[in-house]
Each structure stands twice: as C-alpha cells, then as structure tokens.
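Visitor: I have a structure to go through. Can you put it on screen and take my questions?

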Amino acid sequence: LNGATSVYVSGKYAYVASQTDNSISIIDISNPASPKEVGVIVDGAGATQLSGVISVYVSGKYAYVASYTDSSLSVIDISNPASPKEVGVIVDGAGATQLNGATSVYVSGKYAYVASYTDKSLSVIDISNPTSPKEVGVIVDGAGATQLNYAYSVYVSGKYAYVASQTDKSLSVIDISNPASPKEVGVIVDGAGATQLNGAISVYVSGKYAYVASYTDDSLSIIDISGIDAPSATIGN
C-alpha cells in the first residue's frame, strides 16, 4: 500500500491503488475492525501497465485502473479476489491518443471515461470487450474544450461527465450522450463564477450538485449543476 492514492469499495472488498508500489491491492473488509489483504497485482508481476497507478473503479467482475506513468487504462479480472488478472490494456500511443498522464477513471455502462493530466483531456473508452478496450472519443483542452488544462478527476452522472482541472481551476461539464463526440456544455472557473476552485483536484456528483475539492484553495466547493449550461457556485469554504 506504499503511496496509496485511491480506493473503491464493492461488496465486502476494498480495492486500493498504490502509486509508489505500482499495484492494486484487494482488501477483505467484511470485518471492518480487521481488514485483510487477500490479493494483489503489481506492475511487472501479473500486470504490464500499472506504473504510477492513481485511480481504480470497479464494475462487475472487473477493476479499471488509470496509471499516470504508464499513461494507460488497465482492465483487471477480479472474479477471484485472491488472484486478480490483467485481461486488457490500452496505452497512449498504442490504441489511445490522449491518455498521457492518466489520473482518473469512471465507468458507466459500456464505457470508461479517463481524465488525463498531461494530455489535458477526457477520453471515452469502449470496454464492451474488456480484453480489447477501444478509444471511441476524446475531448482536449484547446480542441473542443476550454478548461481541461491538467484535468485530474472525472465523475459521470447521466449523460454528462464532470471534470475537475487543477491548473485551469475549473469544473467542466461534458455532454457524453454521443460517446464519439463529447462536447463541452458548461464550465465554471475560479474567479469567474467560483471563488475557491484553485487547484481543483476531485469531483463527486450527487443529485443537482457537484462537490469539488481544491488542493491549493484548501476548500470544498458545492456547485449547482441543475442549470447544466451555466453551473454556479453556491458554497465555497
């Protein structure tokens, strides 16, 4: 768990991404007072593209993993928690065009949405065949998007992806109803509608609000997204 960066809980297991250890650990949390590691997969020992892993998302019998250093999305079969197995990967420059510095992954339906810090982008990956993930759409800062500079976190709700971008100090709303052609439909930026988005690094959506944690501003901002084309900051602390 050296350099643990992200956790996802599904059923009686917690899946932990560790950036320094380049690994995904599976922790049995059925007894919360005594969590136990039951399985692990490591870059170079069962996995090929887990260097600098930052984000993990579990859907069904698979864990989807975004790795910053390897600029990749890996698909891990977790049906046997004691023996997780890599079944598919897609890498920047080898099937993908905008995964450089992948930092966050969110799965909805048959697609994985990956925010990439270095490429300043959101990629849409078709995972209907987990052994052969395929890029079907991208949106990039300066090419369809205005505020994805150092995109760090993505959350999907309905037909929209919400992306927090660290350097642009922003929350972008991307219409993903057509996965092949994601479109920016709204943005809110620190100093232009928001007061505390400097270093926006994480976003979570619930109901009509997006909750954004900002590293530099030491803050949590609550963004009203009910007017999707014009999100507004309602609270910033």
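Guide: A definition to start: two strands pair if DSSP finds at least two bridges between them. Strands here are DSSP runs of E with at least two residues, helices are runs of H or I with at least four, and both are numbered from the N terminus.

Visitor: Where do the numbers come from?
Guide: This is a predicted model, in which local features need pLDDT of at least 70 and side-chain atom pairs count only at pLDDT 80 or more, while totals for chains, interfaces and linings use all residues. Residues are numbered from 1 along each chain as its sequence is written, and side-chain values use heavy atoms, with hydrogens and water left out.

Visitor: How many helices and strands?
Guide: The protein chain has zero helices and 24 strands.

Visitor: What share of the residues is buried?
Guide: Of the 237 residues, 52% count as buried. Buried means under 20% relative accessible area, exposed over 50%, and partly exposed in between, with a 1.4 Å probe and protein chains only.

Visitor: Now the sheet with S18. What is the strand order?
Guide: Five strands form an open sheet in the order S16-S17-S18-S19-S20, with mixed pairing. S16 (151-157) and S20 (193-194) stand at the edges with a single partner strand each, so one side of each has no neighbour in the sheet.

Visitor: Is S18 enclosed or open to the outside?
Guide: Six of the six residues of S18 (residues 170-175) are buried, so S18 is largely enclosed by the rest of the structure. Both faces are covered: Ser170, Ser172 and Ile174 are buried on one side, and Leu171, Val173 and Asp175 on the other.

Visitor: Which bridge partners does it have?
Guide: S18 pairs with S19 (residues 183-190) in the antiparallel sense over six bridges, and isoleucine 174 has glutamate 184 in S19 as its bridge partner. S17 and S18 are also antiparallel, over six bridges, with alanine 164 partnered by leucine 171 in S18.

Visitor: What sits between S17 and S18?
Guide: S17 and S18 form a hairpin with four residues between them, and lysine 169 in the turn has a positive phi of about 55°.

Visitor: And between S16 and S17?
Guide: S16 pairs with S17 (residues 160-165) in the antiparallel sense over six bridges. Tyrosine 155 stands opposite tyrosine 162 in S17.

Visitor: Why point out a positive phi?
Guide: Because most residues other than glycine have a negative phi. Tyrosine 150 has a positive phi of about 60° although it is not a glycine; tyrosine 150 lies in the loop between S15 (144-145) and S16 and is partly exposed, with a relative accessible area of 29%.

Visitor: What about aspartate 218?
Guide: Aspartate 218 has a positive phi near 50°. Its place is in the loop between S22 (209-214) and S23 (219-224), and at 67% relative accessibility it counts as exposed.

Visitor: Last topic, S11. Buried or exposed?
Guide: Six of the seven residues of S11 (residues 102-108) are buried, so S11 is largely enclosed by the rest of the structure. S11 pairs with S12 (residues 111-116) in the antiparallel sense over six bridges, and valine 107 stands opposite alanine 112 in S12. That hairpin has two residues between the strands, and glycine 109 takes a positive phi near 65°.
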